Amino acid sequence: MKKLISYVIPCYRSENTLSGVIDELNEAMGKMADDYDYEIICVNDGSPDETWKVIRRLCSLNKNMTGINFAKNFGQHAALMAGLNKTKGDIVVCLDDDGQTPACEVGKLIQAIEQGADAAYARYEHKKHSAFRNFGSAMNEWMLHIMLEKPNDLFVSSYFAVRRFVVDEMCKYKGSYPYVIGLVLRTTRNIVNVDINHRARTEGASGYNLVKLLRLWMNGFTAFSIQPLRIATVSGSVFAIIGFIYGIYTIIKKMVLGDQLDVLPLGFSALMSVMVFMGGILMLMVGMVGEYIGRSYISLNKDPQYVIRDIEGAGSDQKDI
C-alpha cells in the first residue's frame, strides 16, 4: 500500500511563483508514484495580491490540492498550523511558496524520514537570502539554542519533513502564538539535517521585516520557554550581590578614611550611569514579565491562531480544522 505525503505551503504575495512550485512538486512526485500518493495544501495568509485567485485556479487543475484562505494576515506559522491541521499524510513536508526551497529535492527529506528520523530539516551550504534575512536566521538559531535548548549542530529551516505522530502532537497546541520549530523540538529530539541546495529569489522580496522577526522571536521564547525569566532572576541576583559588595566597600572606606572622604570627588557621573543602567534593566525585566502575563491573558480569552474565510479543492468538504 502506498504511503501518503502531505505538502503544506504557506503563501504570501506569491501569485507569480506558486504555479512553478506546484509544477515542480508534481514532477518530483511523478518520479515516486510507485511508492507514494500525495496531497498539497496551500494556505493564503491574507495576501494583498492575486495569490488566492492563483490557488483557486491550481485547485481546479490539481484534484489532490486544497486551498485555504485566511480572513487576514496571521503570519507564516499560523498558516503552517492551519495546513498541518488539514493534512492526512503519513509524512508531512512544509516548504516555501517562492521556489527558493527546491521541491525537486524533496526525496532527500522523505528518505531521511524513511531511514528512521522523526523530523528532517533542509540544511543549506550557501543561503541565497538577503543579508538582513541571513542575520535574522542567525539570531533565530542563537535564540533556539539558548531558549529552547536546540543542539548546536542542528540547523532549522522552513523546508522540513516530519512523521505523522509529530504532526498530531503539534496540532494539539491551541495557543494564540504558534511557533512551529518550538513544537517540533518539544515533541522529539530525533531530528536530522539533509543537505539541499538553496535558490536565489526570482520574484519579490521576503515577507519578513524587523517587526515580524521580533514578533516571531517573542513567540518562540515566551510560548515555549521560561528561560528569560530565569535570566532575569540570575541578573537581579548578580546586581544585588554587586550592590552589597559595593556597600561594604563604602563602609570600610568611610571607616579608614573618615572625614577625608569630604574632599574626594563625588562620582556623580558614575552614580548616574549606574542608576540609569539599573533602571533600564528593571524596566526590561518588568516588561518581560508583563509580556508573559499579557500573552497568557490573550490565550485564556481564546484569541484564534487563524480565521479561515474560504476552502477550495479536495478538502473543501471537511469542516473540522
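Is arginine 123 buried, partly exposed or exposed, and what is its relative accessible area? The structure is a predicted model, in which local features need pLDDT of at least 70 and side-chain atom pairs count only at pLDDT 80 or more, while totals for chains, interfaces and linings use all residues. Residues are numbered from 1 along each chain as its sequence is written, and side-chain values use heavy atoms, with hydrogens and water left out.

Arginine 123 is partly exposed, at a relative accessible area of 31% (buried being under 20%, exposed over 50% and partly exposed in between, with a 1.4 Å probe and protein chains only). A salt bridge (a side-chain nitrogen of Lys or Arg within 4 Å of a carboxyl oxygen of Asp or Glu) joins arginine 123 to aspartate 195, with 2.8 Å between the closest N and O atoms. The two residues are 72 apart and link distant parts of the chain, with arginine 123 in strand β5 (residues 119–123) and aspartate 195 in strand β7 (residues 191–195). Helices (H or I, at least four residues) and strands (E, at least two) are DSSP runs, numbered from the N terminus. Aspartate 195 is also partly exposed, at 48%.

The count of salt bridges comes to 10. Among them is the pair of arginine 56 and glutamate 312, whose closest N and O atoms are 3.4 Å apart. This pair, too, links distant parts of the chain: 256 residues separate arginine 56 in helix α2 (residues 51–61) from glutamate 312 in strand β8 (residues 308–313). Arginine 56 is partly exposed at 43% relative accessibility, and glutamate 312 is partly exposed at 25%.

Within helix α6 (residues 164–170), arginine 164 and aspartate 168 lie 4 residues apart, about one turn of the helix. Their salt bridge has its closest N and O atoms at 3.1 Å, and aspartate 168 is partly exposed, with a relative accessible area of 39%.
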